[in-house]
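Biologist: I have a model open and would like to learn how to read its features. Could you take me through them?

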Amino acid sequence: MFMSTTVLHAPASGDNAPARLHLTADTTSKTTSYVSAETEPLISVIVPVHNTGAFLVDAVKSVVAQTYPHLELILVDDASSDELTLKLLAAYEQVDVLTPDNFAQVIVGIELPSLAVVGKQPQEIVAVNEALKQRVSMNTATAAKTQVQIRVMHAATNQGAGGCRNMGIRASKGVYLLFLDADDLFAPQLIEHVYKAKMRSGAEIVFFSNHNFSYDPDCDLSLETHRVDLTADKLLSHEEIIKEHRLYTASYTAWGGLFKRQVLLEHKLFFASQVIFEDADWVVRLLLNTKSIYYTPFDGYWRLLHASQSTVVGARGARAVEAGDMVQRMAQDIKGSPYYDQARNSCIEMAIGLVGYLARKIKGDTPNKKQILQELFSRVASALEMLDAPVSRNPSWIYMQWHHLGYKLPWLSANARSNHRAAAHMAHHYLRYCK
């Protein structure tokens, strides 16, 4: 199904691997000078890449600029066609190890576009550039510079971010994993910070904070904001998160945490492919299968807002219906878990809220907007049926009012009241947006 090109680590004598170009700060010969950084466990960073050449260099740079010294970077090309993206991937395929010393030489000769507005770079870009120049490592005692073992893989057909992440998970060799989108940045001390938090807490997952930035000074950075709804600096179990009704709000992105690779493999925690909204249900399955979670409020993920982002574009167009599929995957996950009774009602709340959110997000001039919303309504209604909360596919005003009253009856069980609430709110969405 996939074709892959993998760059091997420091080939030993006698390996049948093809020759690769090894660069240091002062030479372009095919000899390798490695600085031992293996005093810390290998951590893998997986980056899906699809026609993001204009941003890719800075994303890769933010990995090389890390103070954590022992990293693997896996770039998974999602059938890109953009010339700049392909040139950069080809250049990265020619090296085994990226360091602060050789980073610029690897892509020398490739013309990069200027994204700065009136010559002014965002402070996040400036911070990454400065960190790369300083070449700081957490291993000050051994002076081990950060070295990033880089590998490039290619999907034969477009798989979406989820499918590319799956390829990276299976191919990775790190003890721990992080995900980075190809247009975003890691803060220079992110991996060091979350690794130390993991060692200090003993958690299987460490979530961290984030903020948005943009090259456009007029961009509303409050759009698409992602907040982690967890108590900071406290070791939590998934039972506690479910009890506090945070299973669907704790986090909904793959790029917000440090994950133990063995946990993902053991529980087969892979993403849905060729879809958008692939993160949210994956996080739910992750939390259901994880013993311990920790949140550090370290501002470590810097998310670039720009017009071509797939999530932003998709949420406002025909692909919004895929959110209904995501809710169905969530419903199926909790239906088969021991926590169905505790998680059911909060899943229903998330589902009915999502329909209203997307109905407001889709632009008014979107072709076939009503048909898109009708299909979204139908798919979410199917998910609610899976949660034993059936709703009318063609509700009337009287139906909506009846269930609105039913939700207020205090003697009913929590599940019965949740069912009434789902029916009333879905009827409201249908009559307002789909009728």
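This is a predicted model: local features need pLDDT of at least 70, side-chain atom pairs count only at pLDDT 80 or more; totals for chains, interfaces and linings use all residues.

Biologist: What is the order of the strands in the open sheet?

Modeller: Helices (H or I, at least four residues) and strands (E, at least two) are DSSP runs numbered from the N terminus, and two strands pair if DSSP finds at least two bridges between them. Here 9 strands form an open sheet with mixed pairing, in the order β3-β4-β2-β1-β5-β8-β7-β9-β6. The edges are β3 (97-98) and β6 (185-186); each has a single partner strand, so one side of each has no neighbour in the sheet. β3 runs antiparallel to β4 (residues 147-154), with 2 bridges joining them. Leu98 has Val148 in β4 as its bridge partner.

Biologist: Which strands does α5 touch as it packs on the sheet?

Modeller: Contact means heavy atoms within 4.5 Å. Helix α5 touches β1 (43-49), β2 (70-77), β4 and β5, and its direction makes about 150° with that of β1. Such angles run from 0 to 180 degrees between N-to-C directions, with axes fitted as lines to C-alpha atoms, for helices over the stretch in contact. Helix α6 (residues 190-201) also packs on the sheet, and its direction makes about 170° with that of β9 (293-304).

Biologist: Is Ser172 buried or exposed?

Modeller: Buried means under 20% relative accessible area, exposed over 50%, and partly exposed in between (1.4 Å probe, protein chains only). Ser172 has 3% relative accessibility, so it counts as buried. It is found in the loop between α5 (160-171) and β5 (176-179).

Biologist: Which side chain joins that of Ser172 in a polar contact of 2.8 Å?

Modeller: A polar contact is a pair of N or O atoms within 3.5 Å; within protein, one must be able to donate a hydrogen and the other to accept it, and residues adjacent in sequence count only if both atoms are side-chain atoms. The side chain of Arg261 makes the 2.8 Å contact with that of Ser172. A polar atom of the Ser172 side chain also lies 2.8 Å from the backbone oxygen of Ile169.

Biologist: How many salt bridges does the structure hold?

Modeller: Side chains of opposite charge can pair when their charged atoms come close. A salt bridge is a side-chain nitrogen of Lys or Arg within 4 Å of a carboxyl oxygen of Asp or Glu. The structure holds 19. One of them joins Asp101 and Arg135, whose closest N and O atoms are 2.6 Å apart. Asp101 lies in the loop between β3 and α3 (103-106) and Arg135 in the loop between α4 (123-134) and β4, so the pair ties together parts 34 residues apart in sequence.

Biologist: Where do Glu375 and Arg379 lie?

Modeller: Both are in helix α13 (residues 369-386), and because they are 4 residues apart, about one helical turn separates them.

Biologist: What is phi of His245?

Modeller: Phi of His245 is near 60°, a positive value in a residue other than glycine. At 53% relative accessibility, His245 is exposed. Phe277 also has phi near 60°, but at 17% relative accessibility Phe277 is buried.

Notes
Residues are numbered from 1 along each chain as its sequence is written. Side-chain values use heavy atoms; hydrogens and water are left out.
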